[in-house]
Amino acid sequence: MAGLSLRRTRLTRHLRELARSVQLDRSQLIQPLFAVAGLTEREPVPGIDAVYRDTPASLLRQIEEDLAAGIDKFLLFAVPGEKRDQDFEHDFAVECIEEIKQGFGTELWLAVDVCLCSHTTHGHCGLLNEAGDYVINDATVAELARAAAAFAAAGADCVAPSDMMDGRVAAIRTALDQAGLARCAIMSYAAKFQSQFYGPFRDAADSAPVAPQLRDRASYQLDPARPADALRCARRDADEGADLLMVKPGLPYLDVLARLSAEIPLPWAVYQVSGEQAAIDLLAHAGLAKRDAAQLESWLAFRRAGATAIISYAARRGVALQQ
Ligand code: PBG
């Protein structure tokens, strides 16, 4: 190999390390958690390794383990024990948040998902109209703001609305500020696409849309074929007071993450969703990929594309962050 060699800097581990420009630290990972009301024993989430539908007690033990493994940032999904379509109660989530914060205080950072899809009988992210063919925007937003304020009052460090209604970030910011909870941050699911990669989550959170007149979330989640809408949503959420913005899913939307993070100077999170995780785990179980190396490769892709925070079901696995 005389003359120009682009391989020379790849030949040894030492030079490869010196040539790297993209780094990832465990402090940038956020671990999702599921707390399920009415469970007596925790259950594995089918399709994803080492992720559970926890009871409040098993959740505290799991968090202790995660902290010991160097993971101190979490995104909590609280699944209520009974379904209803109005007069929602958020007591279960509030109790979980209080217990976590009483147990661990500022040792951890706790974000809490704000949505109604685990609450409703029809599985939609808000209130349905009488005909059952439309998710009512403003009444849903009012309910989400009420939930967010309750979560923040219980000690949540951050609330994360995942519903995709119009105007929810502004309504939540106002509700938090008026309740004296100005220190609670908002991480907005700003560019959340309608996706087939949410399957294992919908089982875990009991939240699949089943309304006969409205069988999917296309009338509120973003169209995968329309990236310009993601940019408008992210700008709008930034203007309404979001502190962090998110792209979701991750790997199928790296182009969106790269473009939006270059255009909007807020911290960018990416959500490597349940179906993406299941795909990696399935490949590994089939002997077709090395699980941890595949995981790291996907996380590095998110860092390359501009994310500084990565929500990942595999955060707790202790994946070596250097190859
Ligand atoms: C609900 C919500 C979903 C996810 C997070 N919040 C599913 C959906 O929109 O149907 C998906 C997360 C995952 O798949 O890991 N609003």
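**Exercise 1. The second largest pocket**

Task: In this predicted model, determine what volume the second largest pocket has, which residues line it, and how the lining divides by class.

Solution: 
1. The volume of the second largest pocket is about 160 Å³.
2. Its lining consists of Ala152, Gly155, Ala156, Asp157, Gly180, Leu181, Arg183 and Cys184.
3. Sorted by class, this lining holds four nonpolar, two polar and two charged residues. Gly counts as polar in this scheme, and both Gly155 and Gly180 are found in the lining.

**Exercise 2. The largest pocket**

Task: State how much space lies in the largest pocket, which residues are closest to its centre, and which element gives the most to its lining.

Solution: 
1. The space in the largest pocket amounts to about 280 Å³.
2. The pocket is lined by 16 residues, and those closest to its centre are Met164, Asp166, Ser219, Tyr220 and Gln221.
3. Helix H7 gives the most to the lining, contributing three residues.
4. The classes represented in the lining are eight nonpolar, three polar and five charged residues.

**Exercise 3. Helices H2 and H3**

Task: Describe how H2 and H3 pack, beginning with the angle and the distance between their axes, and explain why H2 is classed as oblique to H3.

Solution: 
1. Helix H2 spans residues 56-68 and helix H3 spans residues 91-104. Their axes are 11 Å apart, at an angle of about 40°.
2. Angles under 35 degrees count as roughly parallel, and 65 to 115 as roughly perpendicular.
3. The crossing of H2 and H3 is right-handed.
4. On the H2 side, the contact involves Pro56, Leu59, Leu60, Ile63, Glu64 and Leu67. These residues meet Phe92, Glu99, Ile100 and Phe104 of H3.
5. The contact comprises eight nonpolar, no polar and two charged residues.

**Exercise 4. Helices H7 and H8**

Task: Identify the angle at which H7 and H8 pack, the handedness of their crossing, and the residues that meet.

Solution: 
1. Helix H7 covers residues 227-239, and helix H8 covers residues 254-263. The two pack at an angle of about 35°, and their axes lie 10 Å apart.
2. H7 and H8 form a right-handed crossing.
3. From H7, the residues in contact are Pro227, Ala230, Leu231, Ala234 and Arg235. Their partners in H8 are Val256, Arg259, Leu260 and Glu263.
4. Divided by class, the residues of this contact are six nonpolar, no polar and three charged.

Terms used:
Residues are numbered from 1 along each chain as its sequence is written. This is a predicted model: local features need pLDDT of at least 70, side-chain atom pairs count only at pLDDT 80 or more; totals for chains, interfaces and linings use all residues. Side-chain values use heavy atoms; hydrogens and water are left out. Axes are lines fitted to C-alpha atoms, for helices over the stretch in contact, and angles run from 0 to 180 degrees between N-to-C directions. Helices (H or I, at least four residues) and strands (E, at least two) are DSSP runs, numbered from the N terminus. A crossing is left-handed if the near helix is turned anticlockwise from the far one by less than a right angle, and right-handed if clockwise. Contact means heavy atoms within 4.5 Å. On a 1 Å grid over the protein atoms alone, a cavity is a set of points where a 1.4 Å probe fits but cannot get out, and a pocket is an open set with protein on both sides within 12 Å along at least five of seven lines; lining residues have an atom within 4 Å of a point. Grid points are joined across faces, edges and corners, and a volume is the space filled by probe spheres set on the points. Angles under 35 degrees count as roughly parallel, over 145 as roughly antiparallel, 65 to 115 as roughly perpendicular and the rest as oblique.
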